[in-house]
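Hello,

Here is the structure I promised to pass on. Please open it first; my notes on what I found follow below.

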Amino acid sequence: MTFWELQLNDIREQLLMMSGLTEKVFSTAIRALVERDDKLADAVESEDDQIDQLEVQIDERVVTFISTHGAVARDCRFVLMASKISSNLERIADEATTIARRSRELNTEPLLKPLIDIPIMADTAQEMLRDCITAFVDMNPELAIEIIARDKTVDSIHKMLVTELTALMIESPRAVTRALNLMRVAKSIERVADHATNIAEEVHYLSRGLDIRYNQGLKGR
Amino acid sequence: MSHSVGEPDMKAPESAAAPNDMPTSQPPASSDHPAIIKVEKLNFAYGTARALHEVTIEIPERQVTAFIGPSGCGKSTLLRCFNRMNDLVDGARIESGSVQLQGVDINGPDIDVIALRRRVGMVFQKSNPFPKSIYENISYGLEIQGMNNRRKLDEMVEKSLRGAALWDEVKDRLHTSGLGLSGGQQQRLCIARAIAVEPRIILMDEPCSALDPIATAKVEELIHALKKEYTIVVVTHNMQQAGRCSDVTGFFYLGRLIEFDQTDKIFTNPSDKQTEDYITGRFG
């Protein structure tokens with residue numbers, strides 16, 4: 001392996017480490033919500049810093065690689081997508097932090113309603129994120145397309161939840177704070193699915209060189 | 001009677017059947033940039049050593065075409081086939097296939113090679129100005145063609161030097177030696193000399209390999225400007241230069257044209273793995 005291939009490998013390994021950590025903090029945030037556990041919520045916030053640092057390090061390495069090697073073709077796609085993927089991972093970690101904070105607030109009051117739809121939504125988003133990492137490792141564009149299709153499921157549950165929580169707020173003013181917190185949690189999970197969709201599109205571009213954002217490149221498939 | 005190659009009144013023959021040994025991709029045909037050179041199933045050898053295998057390629061008019069590939073891949077050999085510079089090499093010969101310039105087979109028996117080289121100028125790796133003044137470097141070719149009118153010669157010298165983006169730097173010392181210019185200026189003087197005889201095509205064989213980055217940038221800028229009037233084919237080992245300067249790029253390997261496509265396609269998402277491995281530095 002040449003020295004510049006080693007540099008690319010370093011970026012890849014850091015990205016995988018960041019993916020694993022992000023998946024973990026998101027999972028921990030959902031557990032903090034479902035299990036009503038403040039310690040888990042605290043753990044999410046403490047790990048967010050590490051993910052921020054990894055994003056900075058990946059960007060530094062990408063800039064160095066482009067500046068010194070003039071990346072082209074798959075190397076160019078790799079470093080550009082590595083930067084974009086790490087940015088999406090960092091935002092997922094931010095959403096996890098938001099979920100953790102809202103969980104702590106929710107834990108101060110009794111449950112507004114049994115948590116059924118939010119864990120389903122979170123499971124789908126988490127599976128999307130996990131499959132993104134698999135698609136990245138395997139350079140699997142077909143899996144990337146499957147992941148993108150799942151975003152609609154998350155969107156529809158989110159929409160349904162917003163309607164339900166709005167109705168609860170109209171019925172009972174005492175429910176407003178908890179309903180707003182749950183709405184914010186649902187929005188964060190919906191955003192996590194959006195970021196996973198972005199990553200899937202980036203993995204597709206990385207592996208096939210075809211940009212499928214905004215449905216372009218998928219026409220005629 | 002010899003053909004004056006590439007004259008507009010020469011009629012192109014009917015297009016030949018699609019070759020069966022095409023590279024993985026070809027740039028889309030364009031009405032704005034029709035093929036000015038058509039190479040079909042060209043096999044070329046130096047003695048017994050085959051240098052080009054079944055090369056089929058169409059060079060688009062008024063575009064910059066880059067040839068890339070590792071040393072010995074045949075890119076310079078093909079370039080020299082376009083103005084029959086290979087005629088000067090002992091044992092070099094076309095085994096089969098054809099090279100057509102605007103529909104005329106340039107290896108036909110009636111071809112006037114001098115006229116061909118006037119239509120297809122060349123700039124070499126190492127700048128090679130004549131040991132004459134800057135002015136004479138440009139006027140020499142024109143005078144050989146029979147141009148004796150001093151005012152007309154003055155006009156052509158200025159036009160050519162302006163065309164090569166050199167006029168402002170040398171207008172006050174036109175009658176000093178061309179050899180006194182810097183390396184980059186000498187290379188632009190050679191380009192000015194090439195365009196003075198109003199060619200249709202300019203071939204450049206690694207024109208910047210001996211130049212520093214600033215001189216390289218000037219020549220690259222010039223290449224970009226020249227394509228408005230001329231068809232340019234450039235051989236380069238500098239991948240970034242090919243990426244910056246050219247509209248279409250052909251990748252050669254072991255005497256074969258592996259891939260020929262739009263430059264942005266070649267450098268972002270090539271179709272062939274060998275091309276990708278070469279441009280990313282994994283081999284070659």
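**Helix H2 of chain A**

The buried residues of H2(A) pack against H1 and helix H3 (73-106) of chain A. Keep in mind that this is a predicted model. Ten names matter here: Leu40(A), Ala41(A), Val44(A), Asp48(A), Ile51(A), Leu54(A), Glu55(A), Ile58(A), Val62(A) and Phe65(A) are the buried residues of H2(A). The helix covers residues 38-69, 32 residues in total. From first C-alpha to last, H2(A) reaches 47 Å, close to the 46 Å expected at 1.5 Å a residue. Gly70(A) follows H2(A) and has a positive phi, near 55°.

Take Val62(A), which lies in this helix. Val62(A) is buried because 21 other C-beta atoms lie within 10 Å, and the cut-off for buried is 20 or more. Which residues does Val62(A) contact, leaving aside neighbours within four places in sequence? They are Ile11(A), Val79(A), Ala82(A) and Ser83(A). Ser87(A) is 25 residues from Val62(A) in sequence, and their C-alpha atoms are 13 Å apart.

**H1 against H4 in chain A**

H1(A) (residues 3-34) and H4(A) (residues 117-138) pack at an angle of about 170°. Their axes are 10 Å apart. Angles over 145 degrees count as roughly antiparallel, so H1(A) and H4(A) are roughly antiparallel to each other. On the H1(A) side, the contact uses Ser19(A), Glu23(A), Phe26(A), Ser27(A), Ile30(A) and Val34(A). H4(A) brings Pro119(A), Ala122(A), Gln126(A), Leu129(A), Arg130(A) and Ile133(A). By class, that contact has 7 nonpolar, 3 polar and 2 charged residues.

**Where the chains meet, and the core**

Chain A puts 7 residues in contact with 10 residues of chain B. The chain A side of that contact has 3 nonpolar, 2 polar and 2 charged residues.

The largest nonpolar core has 136 residues. Which of them touch the most other members? Ala29(A), Ala125(A), Cys132(A), Ile189(A), Ala196(A) and Ile202(B) do. Helix H6 (residues 176-208) of chain A gives this core its largest share, 13 residues. Ile202(B) touches Gly121(B), Val123(B), Ala194(B), Ile195(B), Leu226(B), Tyr230(B) and Ile232(B), not counting residues up to four places away in sequence.

**Chain B**

Chain B has 10 helices and 10 strands. Of its 284 residues, 46% are buried. Take the contacts in chain B between residues at least 6 apart in sequence: 72% of them join residues at least 24 apart.

Helix H7 of chain B (residues 213-226) has 14 residues. H7(B) reaches 20 Å from first C-alpha to last, close to the 20 Å expected at 1.5 Å a residue. Its buried residues are Lys218(B), Val219(B), Glu220(B), Leu222(B), Ile223(B) and Leu226(B). What covers them includes strands S3 (64-68), S7 (201-205) and S8 (231-235), with helices H6 (183-196) and H8 (239-245), of chain B.

Glu54(B) is not a glycine, yet its phi is positive, about 50°. Glu54(B) sits in strand S2 (residues 49-60) of chain B.

Arg84(B) is in the loop between helix H1 (75-81) and strand S4 (92-101) of chain B. With 19 C-beta neighbours inside 10 Å, Arg84(B) counts as partly exposed.

Best wishes

Definitions and conventions
Residues are numbered from 1 along each chain as its sequence is written. Chains are lettered from A and ligands numbered from 1 in the order in which they are written. This is a predicted model: local features need pLDDT of at least 70, side-chain atom pairs count only at pLDDT 80 or more; totals for chains, interfaces and linings use all residues. Axes are lines fitted to C-alpha atoms, for helices over the stretch in contact, and angles run from 0 to 180 degrees between N-to-C directions. Helices (H or I, at least four residues) and strands (E, at least two) are DSSP runs, numbered from the N terminus. Angles under 35 degrees count as roughly parallel, over 145 as roughly antiparallel, 65 to 115 as roughly perpendicular and the rest as oblique. Two residues are in contact if their C-beta atoms, placed from the backbone, lie within 7 Å. Ala, Val, Leu, Ile, Met, Phe, Trp, Tyr, Cys and Pro count as nonpolar, Asp, Glu, Lys and Arg as charged, and the others, Gly among them, as polar. The expected span of a helix is 1.5 Å times one less than its number of residues. A residue is buried if 20 or more other C-beta atoms lie within 10 Å of its own, exposed if 12 or fewer, and partly exposed in between; C-beta atoms are placed from the backbone. A nonpolar core is a set of buried Ala, Val, Leu, Ile, Met, Phe, Trp, Tyr and Cys residues joined through C-beta atoms within 7 Å.
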